[in-house]
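User: I'd like to learn how to read the side-chain features of a model like the one below. Could you walk me through it?

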Amino acid sequence: MMMKLMPIAGINNVSDDDSLKQGGDSPKLFVRDALNVDISETGRIALRKGAINVTHESFKDIWQSPLHKDVFATLEGNLVIVNTTTWQHEVLANVGLGQVTYEVINNLVYIASNVGIWTYNGQQLQPLSIDAPAAPLVDKGMDAGLLRSGTYGIAISWLRGQQESSVSQIGSLNIESISTVNDEPFASIEITLPYCLDTSITEARIYITNRNGGELLHYADFPINTNVVTVSNIESLGMTARFKGLSPMPTGRFMAYWQGRLITAGKNVLRFSEPMAYHLHDERFGFVMMPQKITFVLPVDGGIWVGQVTHVVFLTGNKPQDMTFQSKTTRAPVPDSAIEIDMNDIGGDISQSGNTTALWLADNGYVVGTSSGQVIELQSGIMQGVVAKSGRSVRLGRRITTIVM
């Protein structure tokens, strides 16, 4: 005697046994567990394809860049590029033994570890941030000049191409008395630049205040091998120093990009870079404190989904200091399991608005977080008891697969 199996609808470990079989015009059968099988949309079961060992190296944090198609991974604390044909690798830098995260921003790959943040342009890896320089030494110059008596403030920043560091502490000089020639002022300022240990720095930028002024204004840029600069005239000072009082952008356990800012997160603190200046951070206002440890960070068009130990939070607002906090009463999310899904891949009216939607694995199955801040528990009522220390989700076609540990 042969028994015809109805289309399998998936796993249901919540309902009673007599509810697993459903009849009617669209009969289907739920199962308590499904191990090493794939279930199609029509309810057919197929053995999950096996795997073969392609390398004996213990690569971790494997990720393929959509930009250059490079495959990145970590191996014994080193960031490497892997050739997936030969499975040989090239070491780029030592990034520590912790988790590494990746993000593509403005044609660059951003890579964050517990050691720091780097950028990769397809050929070269370099640190994202630039340490602020020490304050310059200033003294009254020996040469003639056109500076009147008064107090002048001088500060500098480092330049790496077009990228500028935060501004140094201000060195001040008070010119009390000056000699004159034909009733003309006769004084100058001598600036001794600090030694730079970063070989990627190309220039030093000097800022000077007007006489008895408080605002730093751009004076000029000089090659990094310049030791001493003599300032005799400040009549053509330029723009105001943009990056005064800022710090290098700190790294974190998680990294993401949202509305022109780089975001990093560690423990229960979410940190934001300055707008369009991803390497700089405002320690006074550029952060949001969360009530619990952060387990994932995933920005969408309307805000930022933040995983917590027991629930999730949706943050909205344009600036860190103006953000509103919406706690969502969902089940505990699996750490690291969140991924971004395009609204067209979900179908129906689930995504509602915006082009991106968040999806993560929780205690009761997969959960969708929309761009408008709505939570939809896709498998609530049929799934429970999903517990893991961490998980990694990927999309293969229209199927989401999460590996839990």
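This is a predicted model: local features need pLDDT of at least 70, side-chain atom pairs count only at pLDDT 80 or more; totals for chains, interfaces and linings use all residues.

User: Which residues touch the most other members of the largest nonpolar core?

Analyst: The idea is to join buried nonpolar residues through their side-chain atoms. Here that gives a largest core of 25 residues, in which Ile154, Ile189, Ile191 and Ile206 touch the most other members. At least two core residues come from each of β15 (150-160), β17 (171-175), β18 (189-192), β19 (203-208), β20 (217-223) and β21 (228-231). β15 gives the largest share, with four residues. Another core, of 16 residues, lies apart from this one, and its members include Trp258, Leu270, Met290 and Ile304.

User: On to the rings. How many aromatic pairs are there?

Analyst: The count is eleven aromatic pairs. Trp63 sits in strand β6 (residues 60-64) and Tyr102 in strand β10 (residues 101-105), so to speak a link between distant parts of the chain, 39 residues apart.

User: Which residues do ring pairs link into a cluster?

Analyst: Trp63, Phe72, Tyr102 and Tyr120 are joined that way.

User: Now the charges. What should I look for, and how many salt bridges are there?

Analyst: Side chains of opposite charge can pair when their charged atoms come close. In this model the count is nine salt bridges. One of them joins Asp17 and Arg32, at 2.5 Å from N to O. Asp17 is in the loop between β1 (8-11) and β2 (21-22), and Arg32 is in the loop between β3 (28-31) and β4 (37-39), so this bridge ties together parts 15 residues apart in sequence. Asp17 is exposed at 58% relative accessibility, whereas Arg32 is partly exposed at 35%.

User: Where do Asp221 and Arg205 lie?

Analyst: Asp221 is in strand β20 and Arg205 in strand β19, so their pairing ties together parts 16 residues apart in sequence. The closest N and O atoms of this salt bridge are 2.8 Å apart. Asp221 is partly exposed, with 27% relative accessible area, but Arg205 is buried at 14%. There's a network to trace as well: salt bridges link Glu164, Arg205 and Asp221.

User: What about Arg284 and Asp282, buried or exposed?

Analyst: One of each. Arg284 is exposed at 55% relative accessible area, while Asp282 is buried at 8%. Their side chains form a salt bridge with an N to O distance of 3.1 Å.

How values were computed:
Residues are numbered from 1 along each chain as its sequence is written. Side-chain values use heavy atoms; hydrogens and water are left out. Rings of Phe, Tyr and Trp (its six-membered ring) pair if their centres lie within 6.5 Å; planes under 30 degrees apart count as stacked, over 60 as edge-to-face and the rest as tilted. A nonpolar core is a set of buried Ala, Val, Leu, Ile, Met, Phe, Trp, Tyr and Cys residues joined through side-chain atoms within 4.5 Å. Buried means under 20% relative accessible area, exposed over 50%, partly exposed in between (1.4 Å probe, protein chains only). A salt bridge is a side-chain nitrogen of Lys or Arg within 4 Å of a carboxyl oxygen of Asp or Glu.
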